[in-house]
Amino acid sequence: MSTLDQHRLCGAASGADARIRILLAEHNASDARLLQEMASGRELELVSLPCLGSALEQLGNQHFDRAEIPIIVLTDLTDTDSGIEALLAGAADHLVKERLTSHELVRAVRYAIARHRRIGQLHTLSLQDELTGLYNRRAFMTLGEQQLKIARREDSGVTLAFADLDGLKSINDQCGHTFGDFALKDSAKILKNTLRESDIIARIGGDEFAILWLARTAPSLTVLRTRLEAGIESHRLSETRPYQLSISIGVSHYESGFTESLAEMLSESDRRMYADKRTRRSPIRQDRFGT
């Protein structure tokens with residue numbers, strides 16, 4: 001189906017009571033006027049352009065709620081295959097021009113927006129740890145691989161930290177699983193407050209967290225540990241809990257030109273986390289970490 005046989009109607013609502021802004025790409029002026037008449041007096045605000053290229057350019061210049069907006073395809077073709085082809089190509093709906101009414105136009109736009117938002121919510125849920133709100137393991141592996149590609153392209157190094165909530169089993173046994181959940185959520189909050197918003201922070205296992213960020217030099221474990229302990233102490237003063245939080249952390253840094261995979265980085269940082277857990281129980285502390 002070529003753009004000469006169809007036009008695309010793109011739209012999204014900016015609020016519950018706001019008019020829905022529609023971006024129409026239609027080469028046929030008569031059809032464009034007809035659609036303008038259908039939209040007139042309804043909750044639709046229609047912006048019409050003569051071709052798809054102009055419409056895409058307009059998306060970048062004006063506000064249509066967001067860049068990833070639902071697309072509705074309108075066509076002169078009445079066969080079922082054309083409709084299926086449009087849906088398989090990613091369209092939210094397929095409408096035939098000669099059968100279209102103003103009521104059906106509004107209904108299609110509203111349904112497309114509702115479906116699009118629901119799909120977005122489901123996508124977010126598939127990448128989010130339900131308990132802590134952090135990324136889950138799937139998201140970490142996906143986003144992490146993207147981050148490594150960026151690092152290689154920009155000739156940058158990366159740092160990966162592996163953190164573990166100490167004594168979660170004891171908290172569960174002595175205080176109950178509700179407080180165990182609190183401890184995990186507390187740890188997630190502390191990690192988010194300690195690290196940068198741009199860092200990829202995820203809960204990748206029961207009591208395990210992973211953090212990945214671009215870094216040209218290896219950070220100091222002393223500095224990171226001091227910031228982490230300050231976050232734990234600040235949280236202790238602000239929240240009353242029947243347990244004392246403790247987080248072990250292992251960090252590995254990889255200079256530009258690294259060849260290690262994300263799985264290898266995780267394994268190495270995990271090993272260093274257990275070393276940190278042992279070291280912190282003795283009077284000797286490791287001060288720096290590197291490759």
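Helices here are DSSP runs of H or I with at least four residues, numbered from the N terminus. This is a predicted model, in which local features need pLDDT of at least 70 and side-chain atom pairs count only at pLDDT 80 or more, while totals for chains, interfaces and linings use all residues. Residues are numbered from 1 along each chain as its sequence is written, and side-chain values use heavy atoms, with hydrogens and water left out.

View 1. A cavity is a set of points on a 1 Å grid, over the protein atoms alone, where a 1.4 Å probe fits but cannot get out; lining residues have an atom within 4 Å of a point. Searching the whole structure turns up 2 cavities of 30 Å³ or more. Around it sit Leu191, Thr194, Leu195, Ile211, Leu224, Leu228 and Ile249. By class, we get 6 nonpolar, 1 polar and no charged; Ala, Val, Leu, Ile, Met, Phe, Trp, Tyr, Cys and Pro count as nonpolar, Asp, Glu, Lys and Arg as charged, and the others, Gly among them, as polar.

**View 2. Where H6 meets H7.** The axes of H6 (residues 168–175) and H7 come within 7 Å and cross at roughly 145°. Those axes are lines fitted to C-alpha atoms over the stretch in contact, with angles running from 0 to 180 degrees between N-to-C directions. On the H6 side, Leu168, Ile171, Asn172 and Cys175 meet His177, Phe179, Gly180, Ala183 and Leu184 of H7, contact meaning heavy atoms within 4.5 Å. This set splits into 6 nonpolar, 3 polar and no charged residues.

View 3. The whole structure has 2 aromatic pairs, counted when ring centres of Phe, Tyr or Trp (its six-membered ring) lie within 6.5 Å; planes under 30 degrees apart are stacked, over 60 edge-to-face and the rest tilted. Phe179 and Phe182 have ring centres 5.7 Å apart and planes at 65°, so this pair is edge-to-face. Both lie in H7, 3 residues apart, or about one turn of the helix.

**View 4. The second largest pocket.** A pocket is an open set of grid points with protein on both sides within 12 Å along at least five of seven lines. This one has about 260 Å³ of space. Of its 13 lining residues, Gly133, Leu134, Tyr135, Lys192 and Ile201 lie nearest the centre. Helix H4 (residues 102–127) gives the most to the lining, with 3 residues.

Note on methods:
Points joined across faces, edges and corners; volume = space filled by probe spheres on them. Helix = DSSP H or I, 4+ residues; strand = E, 2+ residues; numbered from the N terminus.
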